[in-house]
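The following exercises concern the structure shown below. Please read each task, then follow its solution step by step.

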Amino acid sequence: MRKFILASASPRRRELLEKAGFRFETRTADVVEDEDPDGDPRAAVAHNARIKALAVARENPDALVLGADTTVAFGGRVFNKPADLAEARSMLKTLGGNVHTVYTGVCLARERDGLLEENVYACRVRFLPIDDAVVDAYFGIVNPLDKAGAYGIQEGRELIIASYDEPLSNIMGLPVELVAPRLRELLADA
């Protein structure tokens, strides 16, 4: 099997790939991500996934590199990772009772042969109404500061989420069910 690198420090992405049976290394890319709250979320996650994958691929030309980025969009705004708990609280209350979209950009790159494949996946998520008591209870379970939109769907979802589109893994940060077949194909090629 060829060398495979996840260009991310995300424990959620690492866990998703491990559960899917992949063996890989992780490397973080030293890049400046597009985090414009008024920008196009689809373009931003595609850009961020690409610059992460390409930065790591340049340093590891024979490796297959996966870069990914996830964000939340609602009402013409992009909800990246909150700067502090006050911003996290505001994000959750804004999303409360509404439907938003989670976008994940995925880029596969290999420097040696110029491989560059990019996709953006979207899922809609409907939140329950959210008040301060719900936010307090949720923050007692989840650290919102390292998550786009100030939430993670893995824990405490019963407090905030009414429904969501599949695949759940896309909302977690990597639609592994959709990406895995291509990864296996590329890793098996001689």
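**Exercise 1.** Among contacts in the protein between residues at least 6 apart in sequence, what percentage join residues at least 24 apart?

*Solution.* The model is a predicted one, in which local features need pLDDT of at least 70 and side-chain atom pairs count only at pLDDT 80 or more, while totals for chains, interfaces and linings use all residues. Residues are numbered from 1 along each chain as its sequence is written, and side-chain values use heavy atoms, with hydrogens and water left out. A contact means heavy atoms within 4.5 Å. Of the contacts between residues at least 6 apart in sequence, 68% join residues at least 24 apart.

**Exercise 2.** State how many helices and strands the protein has, and in which order they run.

*Solution.* Helices (H or I, at least four residues) and strands (E, at least two) are DSSP runs, numbered from the N terminus. Read from the N terminus, the order is β-α-β-α-β-β-α-β-β-α-α-β-α-α.

**Exercise 3.** Describe the surroundings of Ala-73.

*Solution.* First, locate the residue: Ala-73 belongs to strand 3, which spans residues 64-74. Next, is Ala-73 buried or exposed? Buried means under 20% relative accessible area, exposed over 50%, and partly exposed in between (1.4 Å probe, protein chains only). With a relative accessible area of 13%, Ala-73 is buried. Finally, leaving aside residues up to four places away in sequence, Ala-73 touches Pro-41, His-100, Thr-101 and Tyr-103.

**Exercise 4.** Give the share of buried residues in the protein.

*Solution.* Of the 190 residues, 49% are buried.
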